[in-house]
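Student: Hi! I've got a structure open and I'd like to talk it through with you. Can we start with the ligand?

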Amino acid sequence: MFFTSEHEMLQDSVRQFANKELAKGAALRDEKETLEPDLFKKMGELGILGITVPTEFGGAGMDAVAATIVMEELGAVCASTALSYLAHSMLAVHNLCVNGNDAQKKKYLPKLCSGELIGGMGMTEPGAGSDALGMTSKAEKKDNVWILNGTKTYITNGPQGDFFLCYIKTGTDKKDISTFLIEKNFKGFSAGKKISKMGMRGSPTGELIFENCEVPEENLVGKVNDSVHHMVRNLNIERVTIAGISNGIARAAHEYSAKYATERKQFDKPLGSFQMIQKMIADNYAQYVSSRALCFLAARMIDEKKEKEFKIGKMAASAKLVAAQMATEVGLNAIQILGGYGYTKEYPVERYMRDAKLIEIGAGTNEVMRMIIAKDILREFDSSYEW
Ligand SMILES: Cc1cc2nc3c(=O)[nH]c(=O)nc-3n(C[C@H](O)[C@H](O)[C@H](O)COP(=O)(O)OP(=O)(O)OC[C@H]3O[C@@H](n4cnc5c(N)ncnc54)[C@H](O)[C@@H]3O)c2cc1C
């Protein structure tokens, strides 16, 4: 891989951190559906919460490759923690860093980078998922405050978060969307019910409810009705970094099941001596390394900014599509290699598979990734048609 010595050092320190701080509690987080809030403080001390944020605002000043490295290392040990970390560091922090003004960055970024504040991002609504622009939560200006009404759902870190970057309708056109910075103690704001899930159970997911919620004028990010490009601008790095979590999960599932195949004997031979088991081990490895290579290539395209935006978008969507499907497949193979043991909670591979499945849905489903890729390809051949 094309890592710099800084990337290698980062990989080393995050791997050590994950093994020391996350490994032991991963199964319990899954069982109890909780994430210890002090983990954010620990990740803040490690210096990864503002991985792409300039050092002047308390961040590490690194790039998309670095962020993808962190996701893979956390994802290989505790995917729930990795998902909550992604919502904080990419969906909220990176977005604010790119789109916010200096006063907003000075006010929030240092606390978000230290872990004093836990962040999240609110786009999805009960009636608007894949069709994000179909959102109906709305904001109206009264004197110098914005009054917000509506509900966001499926928000990672919703139940435990302190700060949310939220997309809200501010006009009548589908694209009249603005971004607001919400603190949990704003009048009229509440975190709704926590949602119980199949996988990523340690990462808290919930609703954000706005009932005449009062947001000060200075917490509007950028201009009114101008946030569709904020959303689009952040999507590439979100997709590549979430693909990093898939790669981490797949690595863990592959390594666990390959080792198991050397230890478990049937018919007086290790499982790994059977060619049908070897096929699964080989496929798992080949799929993982291919996905990982694509993912870091897409991350490097983001960092180099040499290609046109739509070409990077197509690569980022491809990386996410490939990685998400790959990790579920590798997780299923790992269960199969362990047989009945793989199906029980005594072994971690069933958790890997449940966690992996989320990434085929969150941050845009497989189908939405395919729509993006196909439309970009078709546009290259015929730009006159609205694909
Ligand atoms: C654990 C978890 C964490 C999440 N975290 C966040 C978060 O932090 N912030 C946030 O804003 N959102 C978050 N989400 C929401 C997530 O982004 C949405 O679930 C996702 O975008 C899909 O929306 P939906 O669930 O409403 O499905 P729908 O849009 O209703 O889709 C249902 C099915 O129909 C398919 N479909 C929809 N439209 C089309 C089409 N045009 N062509 C073909 N097929 C189509 C979809 O691919 C899917 O298979 C999270 C979701 C989960 C489960």
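Student: Which domains give residues to the shell around the ligand?

Tutor: This is a predicted model, and in it domain 2 (121-221) and domain 3 (228-381) both give residues to that shell, so the ligand lies between them.

Student: How many residues surround the ligand, and which are the closest?

Tutor: There are 23 residues around the ligand, and the closest are Met123, Gly129, Ser130, Thr365 and Glu367.

Student: How do the residues of the shell divide into nonpolar, polar and charged?

Tutor: The shell around the ligand has 11 nonpolar residues, 10 polar ones and two charged ones.

Student: And which elements each supply at least two residues of the shell?

Tutor: Helix 5 (79-99), strand 1 (119-122), strand 3 (145-156) and helix 11 (366-381) each do that.

Student: Helix 5, ok. Where else does helix 5 turn up, say on the side of domain 1 that touches domain 3?

Tutor: The protein is divided into domain 1 (5-118), domain 2 (121-221) and domain 3 (228-381). Between domain 1 and domain 3, 24 residues of domain 1 are in contact with 24 residues of domain 3. On the domain 1 side, helix 2 (26-32), helix 4 (64-77) and helix 5 give two or more residues each. Helix 5 has the largest share of that side, with 11 residues.

Student: What does the side of domain 1 that touches domain 3 have by class?

Tutor: That side of domain 1 has 14 nonpolar, six polar and four charged residues.

Student: Nice. Switching to strands: is strand 4 buried or exposed?

Tutor: Seven of the seven residues of strand 4 are buried, so the strand is largely enclosed by the rest of the structure.

Student: Which residues sit on each side of strand 4?

Tutor: Phe163, Leu165, Tyr167 and Lys169 are on one side, while Phe164, Cys166 and Ile168 are on the other, and all are buried, leaving both faces covered. In general, side chains in a regular strand alternate between the two faces of the sheet.

Student: Which way do strand 1 and strand 4 run, parallel or antiparallel?

Tutor: Strand 1 and strand 4 run parallel, joined by four bridges.

Student: What about strand 4 and strand 5, and how many bridges do they pair over?

Tutor: Strand 4 pairs with strand 5 (residues 177-183) in the antiparallel sense, over seven bridges. Leucine 165 has leucine 181 in strand 5 as its bridge partner.

Student: Buried or exposed, for asparagine 157 and lysine 305?

Tutor: Asparagine 157 counts as buried, with 28 C-beta neighbours inside 10 Å. Lysine 305 is exposed, with 9 other C-beta atoms within 10 Å.

Student: Another loop, then. Where is leucine 271, and which residues does leucine 271 touch?

Tutor: Leucine 271 is in the loop between strand 10 (269-270) and helix 8. Not counting residues up to four places away in sequence, leucine 271 touches Ala261, Arg264, Gln266, Ile277 and Ile337. The C-alpha atoms of leucine 271 and alanine 261 are separated by 4.8 Å. Leucine 271 counts as buried, with 23 C-beta neighbours inside 10 Å.

Student: Last one, zooming out. How many helices and strands does the protein have?

Tutor: The protein has 11 helices and 10 strands. Its radius of gyration is 21 Å, close to the 21 Å that the globule rule gives for 387 residues, so the protein is as compact as a globular protein of that length. Of the 387 residues, 51% count as buried. Among contacts between residues at least 6 apart in sequence, 75% join residues at least 24 apart.

Technical notes. Residues numbered from 1 in each chain as written. Predicted model: local features only at pLDDT ≥ 70, side-chain atom pairs only at ≥ 80, totals over all residues. Near = placed C-beta within 6 Å. Nonpolar A, V, L, I, M, F, W, Y, C, P; charged D, E, K, R; others polar. Domains from an automatic or database assignment. Buried ≥ 20, exposed ≤ 12 C-beta atoms within 10 Å, placed from the backbone. Contact = placed C-beta atoms within 7 Å. Pairing = 2+ DSSP bridges. Rg over C-alpha atoms; globule rule 2.2 N^0.38 Å.
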